[in-house]
Amino acid sequence: MRIFSKGWARGLGSTVVLAAIPLLLLASCAQAQDTMTRNIGCANSVVACLDGTATIIISTSKGDFTVEVDGAAPLTSGNFVDLVKRGVYDGTVFHRVIPGFVAQGGDPVSANPGTPPERFGTGGFVDPRTGQERRIPLEIALTGEEQPRYGKVLTEPGLRDRLKLRHNQGALAMARSQLPNSASAQFYVALEDLPHLDGSYAVFGRVIAGMEVVSRLENGDRLVRAVVSE
């Protein structure tokens with residue numbers, strides 16, 4: 001899972017063109033996503049949605065930083081807190097750090113010393129109860145609306161102007177594949193303001209202390225431990 005870099009976003013706009021990939025396969029995926037969006041959100045979530053905020057201390061091989069996750073994105077925040085409490089992030093690698101863009105990590109497969117680096121960024125959280133990878137929908141919260149919107153990228157300028165949570169420097173957000181409802185465990189921190197990502201990825205918190213530590217992260221640095229402090 002990954003998010004597209006600034007170059008991709010500027011070069012392709014809001015559409016990704018996949019030459020030589022069977023269109024029938026893409027259509028089938030789109031139909032599955034449409035079906036999912038009818039019954040997603042906190043009412044049918046497999047994890048408890050967050051009401052309010054939670055503070056999490058993240059210890060890395062470069063030092064500690066603190067994030068506050070926001071109940072304005074209740075399902076995404078609840079998923080992150082649950083994974084922190086399970087210890088899913090402990091020992092994982094920051095596998096995609098791009099200066100001036102993002103520091104991405106949280107892939108559970110990277111915690112295994114036997115996993116080759118080329119596989120970092122390919123995994124998600126496998127729920128031991130089901131044996132299946134847990135995936136959560138894209139969750140976007142707008143001012144003036146009581147409930148977030150789910151499962152659809154927001155590209156309309158009028159809607160993007162109403163976002164409650166934006167890609168400002170230090171924003172904490174979920175990484176995903178091209179399918180909107182494919183986020184699982186991987187997350188990223190925005191290393192600078194990234195407004196071109198607003199409405200396309202679920203921001204659910206921000207760094208409130210230690211941004212200088214995040215700025216020093218490099219590919220291969222480890223997330224030693226994450227703890228919910230309050």
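This is a predicted model: local features need pLDDT of at least 70, side-chain atom pairs count only at pLDDT 80 or more; totals for chains, interfaces and linings use all residues.
Let's begin with the overall layout. Nine strands make up an open sheet with antiparallel pairing, in the order S3-S13-S1-S2-S12-S10-S11-S5-S4.

**Strand S5 and its two partners**

S5 covers residues 102-105, and both of its faces are covered. On one side sit Val102 and Gln104, on the other Ala103 and Gly105, and all of these are buried.

In the sheet order, S5 stands between S11 and S4. Towards S4 (residues 96-98), the pairing is antiparallel with 3 bridges, and Val97 has Ala103 as its bridge partner. These two strands form a hairpin, with 3 residues separating them. Have a look at Gly100 in the turn: its phi is positive, at about 80°.

On the S11 side (residues 187-190), S5 pairs over 4 bridges, again in the antiparallel sense. Here Gln104, one of the buried residues of S5, is bridged to Tyr188.

**Further along the sheet**

S2 (residues 63-70) and S12 (residues 203-209) are another antiparallel pair, joined by 4 bridges. Within this pair, Thr66 has Ala209 of S12 as its bridge partner.

| Strand pair | Bridges | Sense |
|---|---|---|
| S4 and S5 | 3 bridges | antiparallel |
| S5 and S11 | 4 bridges | antiparallel |
| S2 and S12 | 4 bridges | antiparallel |

Notes: Residues are numbered from 1 along each chain as its sequence is written. Side-chain values use heavy atoms; hydrogens and water are left out. Buried means under 20% relative accessible area, exposed over 50%, partly exposed in between (1.4 Å probe, protein chains only). Two strands pair if DSSP finds at least two bridges between them.
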